[in-house]
Structures are given as structure tokens and as C-alpha cells.
Amino acid sequence: MIDQGKGKFHDLRMQNRKLLDITGVQNVESFDSEEFLLQTELGHLTIRGQNLHIKNLSLEEGLLSIEGQVHSLIYLNPGSQGKNKSLLGKLFK
């Protein structure tokens with residue numbers, strides 16, 4: 001069994017690209033129906049899709065559930081600069 005108190009813990013579980021359960025969520029930086037930007041125990045995570053919305057959120061427990069059509073999951077390295085001017089590009093200028 002993993003001891004969550006000694007280190008960082010982050011897990012993703014997706015069902016049929018329509019329900020995403022995430023642990024290790026520290027903060028929801030921003031979100032809309034097409035893009036979520038999260039701070040997780042292991043760095044920033046961007047989730048892109050359509051009709052995305054929060055089903056459940058508990059920052060105290062580090063849990064987030066998102067419903068909608070998931071198109072992509074992207075982890076960002078601090079200091080990286082992409083060519084697109086999305087929210088991610090603005091965050092890591």
C-alpha cells in the first residue's frame with residue numbers, strides 16, 4: 001500500500017473518455033467548458049475537451065472529478081514555452 005503522507009501522490013482514472021477522477025489536486029487554477037488547468041502534486045496538468053464540467057471537488061482531500069468529452073491530458077514542465085497562446089502559454093511566459 002502507498003503511504004500518502006511520506007511523498008507526493010497523484011493518480012488519474014478515466015472511464016470512456018467521459019469521466020475523469022483525479023487525486024493529488026492542490027488547486028484548480030482555471031477552467032471552462034473546453035480547458036481545465038490544475039496544480040497537482042506532480043506539476044501542472046491541462047485537460048482539454050468539450051462540455052467539461054466539475055462533477056465533484058474536494059481540495060482538502062485533493063480530489064477532482066470532471067465530466068465531459070476528454071480530448072487530451074497534458075503535463076507541463078515549468079519554463080516550457082509552446083507555440084500556442086492558450087492559458088498555458090500565458091501561465092509559463
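This report walks through the fold, the core, and a few side-chain pairings of the structure above.

The model is a predicted one: local features need pLDDT of at least 70, side-chain atom pairs count only at pLDDT 80 or more, and totals for chains, interfaces and linings use all residues. Residues are numbered from 1 along each chain as its sequence is written, and side-chain values use heavy atoms, with hydrogens and water left out.

**The overall layout**

Let's start with the big picture. The protein has six strands and one helix, and reading along the sequence gives the pattern β-β-β-β-β-β-α. Here helices (H or I, at least four residues) and strands (E, at least two) are DSSP runs, numbered from the N terminus.

How much of the protein is buried? Of its 93 residues, 33% count as buried. Buried means under 20% relative accessible area, exposed means over 50%, and partly exposed lies in between (1.4 Å probe, protein chains only). The protein exposes about 6,200 Å², and carbon and sulfur atoms supply 48% of that; these areas come from the Shrake-Rupley method with a 1.4 Å probe, and for residues only the protein chains shown count as cover.

Contacts, meaning heavy atoms within 4.5 Å, also reach along the chain. Among those with a separation of 6 or more, residues 24 or more positions apart account for 43%.

In soluble globular proteins, nonpolar side chains tend to be buried together. In this model, the largest nonpolar core has twelve residues: Leu20, Ile22, Val25, Val28, Phe36, Leu38, Leu45, Ile47, Leu52, Leu64, Ile66 and Val70. The elements giving two or more residues to this core are β2 (19–23), β3 (25–31), β4 (35–40), β5 (43–58) and β6 (63–75). A nonpolar core, by the way, is a set of buried Ala, Val, Leu, Ile, Met, Phe, Trp, Tyr and Cys residues joined through side-chain atoms within 4.5 Å.

Take Leu52 as one example from that list. If you leave aside its neighbours within four places in sequence, Leu52 is in contact with residues including Phe36, Ile47, Ile66 and Val70. Its partners also include Asp32, Ser33, Glu34 and Gly68.

**A hairpin between β3 and β4**

Next, look at two of those strands. A hairpin joins β3 to β4 through three residues. The two strands pair in the antiparallel sense over five bridges, where pairing requires that DSSP finds at least two bridges between the strands. Within this pairing you can find Phe31 opposite Phe36 in β4.

**Charged and polar partners**

Side chains of opposite charge can pair when their charged atoms come close. The structure holds two salt bridges, each being a side-chain nitrogen of Lys or Arg within 4 Å of a carboxyl oxygen of Asp or Glu. Here they are:

| Salt bridge | N to O distance |
|---|---|
| Asp21 and Arg13 | 3.4 Å |
| Glu35 and Arg48 | 2.7 Å |

The Glu35–Arg48 pair links distant parts of the chain, with Glu35 in strand β4 and Arg48 in strand β5, 13 residues apart. Glu35 is buried, at 13% relative accessible area, while Arg48 counts as partly exposed at 21%.

Which side chain does Gln39 meet in a polar contact? The partner is the side chain of His44, at 2.9 Å. A polar contact is a pair of N or O atoms within 3.5 Å; within protein, one must be able to donate a hydrogen and the other to accept it, and residues adjacent in sequence count only if both atoms are side-chain atoms. Gln39 is found in strand β4 and His44 in strand β5. Gln39 is buried, with a relative accessible area of 18%, and His44 is buried at 14%.

Beyond its neighbours within four places in sequence, Gln39 also touches residues including Gly24, Val25 and Glu29.

**Two asparagines with positive phi**

Finally, a backbone detail. Phi of Asn16 is near 55°, a positive value in a residue other than glycine, and phi of Asn51 is near 55° too. Asn16 sits in the loop between β1 and β2 and counts as exposed at 71% relative accessibility. Asn51 lies in strand β5 and is exposed, with a relative accessible area of 60%.
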